[in-house]
Amino acid sequence: MNITKSKELYEKAIKVLPGGVNSPVRAFKSVGGTPVFIQKGSGSKIYDIDGNEYIDYIGSWGPHLFGHSPDFIKEALIEAIENGTSFGTPTEIEVRVAELVRELVPSIEMIRFVNSGTEATMSAVRVARGYTKRNKIIKFEGSYHGHADFFLIKAGSGALTFGIPTSPGVTEGNAKDTSVADFNNIDSVKNLIQKNKNEIAAIIIEPIAGNMGVVPAEKSFLEELRQICESEKIVLIFDEVMTGFRVAKGGAQEIYNIQPDLTTFGKIIGGGLPVGAYGGKEEIMSLVAPSGPVYQAGTLSGNPLAMAAGYSALSYIKSHPEIYNDLENKSAYLANGFINNLKLFNKNFQLNRVGSMMTLFFTENEVKTYNDAIKSDTNLFAKYFWGMLSRGIYLPPAQFEAFFVSTAHSNDDLQKTIETQREVFSEIFG
Ligand SMILES: *Cc1c(COP(=O)(O)O)cnc(C)c1O
């Protein structure tokens with residue numbers, strides 16, 4: 001694989017952008033080497049500036065349910081551009097996207113559009129705090145909810161009920177208000193609630209975790225969480241930035257048949273443009289300014305281009321419910337191919353999958369929590385990643401990430417991916 005131009009550009013990039021990138025995982029730090037610079041994408045493929053072609057399983061980290069630049073989104077965008085790119089006034093398309101989300105996700109009575117998943121989760125917590133008049137929140141170890149200060153917290157050791165910052169720049173004050181429980185462990189949640197009686201405003205969870213690699217919550221765990229939030233008057237927030245419109249048209253909450261009080265969205269809801277959203281019960285959402293006192297605003301929020309792309313993506317989902325069968329079939333085919341390859345080399349590595357999101361963990365122990373996930377052999381993953389990339393398969397450049405199948409992946413793509421994996425395994429284990 002010739003990546004001369006990418007290497008040259010990376011040398012320039014690191015002088016003007018921290019780490020050469022605008023979001024850390026893109027820099028390939030956890031797999032070593034230097035990143036390739038992508039020039040264009042079409043359907044299931046992306047192309048770098050040296051002209052290499054890849055079958056893409058990052059999908060921009062989630063948004064591209066239909067692959068790159070599907071015609072219907074491209075056309076919607078061109079039409080929107082003709083009318084101007086931003087007004088900072090109400091527009092019709094915002095109302096239409098809101099109505100459409102409400103139709104697809106019944107727990108959403110009211111919604112506010114923002115520009116990223118980070119903004120969505122940050123604002124959802126603020127309104128939950130405003131609603132409950134409490135300060136503290138509970139999140140889960142290994143989950144990711146964007147980069148707001150009060151989320152960049154990990155579990156404190158031993159007797160500490162509050163967390164500790166995972167990044168310089170995050171204050172102890174923030175850490176004091178965030179407690180960190182264990183995913184799929186209801187006792188750890190009960191324990192924290194007990195120690196912070198009547199102080200917890202919200203519990204936020206990825207119902208199907210995607211940011212420690214794919215780790216689905218157990219149904220009984222989520223059901224108990226729902227019950228506890230009810231009895232303790234805690235706002236339950238499902239962070240569906242990744243799972244929303246990905247695992248089902250109504251997200252993870254449809255699959256589990258559990259209604260959270262608030263839900264956060266991002267990724268697919270913007271059709272590939274920068275969009276996030278938070279919404280849920282009218283009783284809570286009506287507290288958001290200007291209908292209520294909880295302040296939250298955005299110059300480019302509800303931007304007409306972003307809304308046009310989002311509307312186009314969501315209407316396609318609404319009128320083509322069969323895509324979720326298609327995604328399931330393609331993903332199951334790929335997963336079976338992977339499992340057969342593993343058997344050939346006597347490996348029992350764990351493949352976690354929900355619909356079109358999956359992670360192959362390089363560990364032979366079942367992965368149900370963050371602690372299970374981090375037992376994975378990340379050096380082995382790095383070898384695997386480079387083996388695949390150099391043969392034209394673009395996986396997320398980190399072990400603890402989800403990779404995504406889109407409707408644009410063809411049977412040939414999937415077959416080629418399985419065969420390539422066998423080749424790479426043979427090189428590593430053979
Ligand atoms: C991607 C992601 C976020 C952050 O969204 P950004 O748009 O990157 O700010 C938050 N929560 C989850 C579950 C995510 O997957």
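Trainee: Is asparagine 346 buried or exposed?
Mentor: In this predicted model, asparagine 346 counts as exposed because its relative accessibility is 70%, and the cut-off for exposed is over 50%.

Trainee: Where is asparagine 346 placed?
Mentor: Asparagine 346 sits in the loop between α11 and β15 (350-354). Its phi is near 55°, a positive value in a residue other than glycine.

Trainee: On to peptide bonds. Which form does the one from alanine 289 to proline 290 take, cis or trans?
Mentor: That bond, from alanine 289 to proline 290, is cis, and its omega is near 5°. Proline 290 belongs to the loop between α9 (282-285) and α10.

Trainee: What span should α10 have, and what is the distance between its end C-alpha atoms?
Mentor: Helix α10 covers residues 304-319, which is 16 residues, so at 1.5 Å a residue it should span 22 Å. Its end C-alpha atoms are 22 Å apart, in agreement with that expectation.

Trainee: What caps the N-terminal end of α10?
Mentor: Asparagine 303 does, with a side-chain oxygen 3.0 Å from the backbone nitrogen of leucine 305.

Trainee: Which residues of α10 are buried, and what covers them?
Mentor: The buried residues of α10 include Pro304, Leu305, Ala306, Met307, Leu314 and Ile317. Their cover includes α2 (71-82), α3 (92-104), β4 (110-114) and α11 (323-344).

Trainee: New topic, the ligand. What surrounds it?
Mentor: Among the residues around the ligand are Ser116, Gly117, Thr118, Tyr144, His145, Asn211, Asp239 and Lys267. By class, the shell has three nonpolar, six polar and three charged residues.

Trainee: Which polar atoms lie where, relative to the ligand's oxygen atoms?
Mentor: A polar side-chain atom of lysine 267 lies 2.6 Å from a ligand oxygen. For glycine 117, a backbone N or O atom is 2.8 Å from an oxygen of the ligand. In asparagine 211, a side-chain N or O atom is 3.1 Å from a ligand oxygen.

Trainee: How much of the ligand's area does the protein bury?
Mentor: Taken alone, the ligand exposes 380 Å², and the protein buries 83% of that.

Trainee: Now serine 44. Is it buried or exposed, and where is it found?
Mentor: Serine 44 counts as buried because its relative accessibility is 6%, and buried means under 20%. Serine 44 is found in the loop between β1 (38-42) and β2 (45-48).

Trainee: What does serine 44 contact beyond its sequence neighbours?
Mentor: Leaving aside neighbours within four places in sequence, serine 44 is in contact with Tyr54, Ile55, Asp56, Ala408, His409 and Asp413. The side chains of serine 44 and aspartate 413 are joined by a polar contact of 2.7 Å.

Trainee: Last one: where does glutamine 421 lie, and what does it touch?
Mentor: Glutamine 421 lies in helix α14, residues 411-429. It is buried, with a relative accessible area of 0%. Not counting residues up to four places away in sequence, glutamine 421 touches Gly337, Phe338, Asn341, Leu360, Tyr384 and Met388.

Technical notes:
Residues numbered from 1 in each chain as written. Predicted model: local features only at pLDDT ≥ 70, side-chain atom pairs only at ≥ 80, totals over all residues. Heavy atoms only, no water. Near = heavy atom within 4 Å. Polar contact = N/O pair within 3.5 Å; in protein donor to acceptor, adjacent residues only side chain to side chain. Areas by Shrake-Rupley, 256 points an atom, 1.4 Å probe, with all protein chains shown as cover. Nonpolar A, V, L, I, M, F, W, Y, C, P; charged D, E, K, R; others polar. Helix = DSSP H or I, 4+ residues; strand = E, 2+ residues; numbered from the N terminus. Expected span 1.5 Å × (residues − 1). Buried < 20%, exposed > 50% of the residue type's maximum accessible area, 1.4 Å probe, protein only. Contact = heavy atoms within 4.5 Å.
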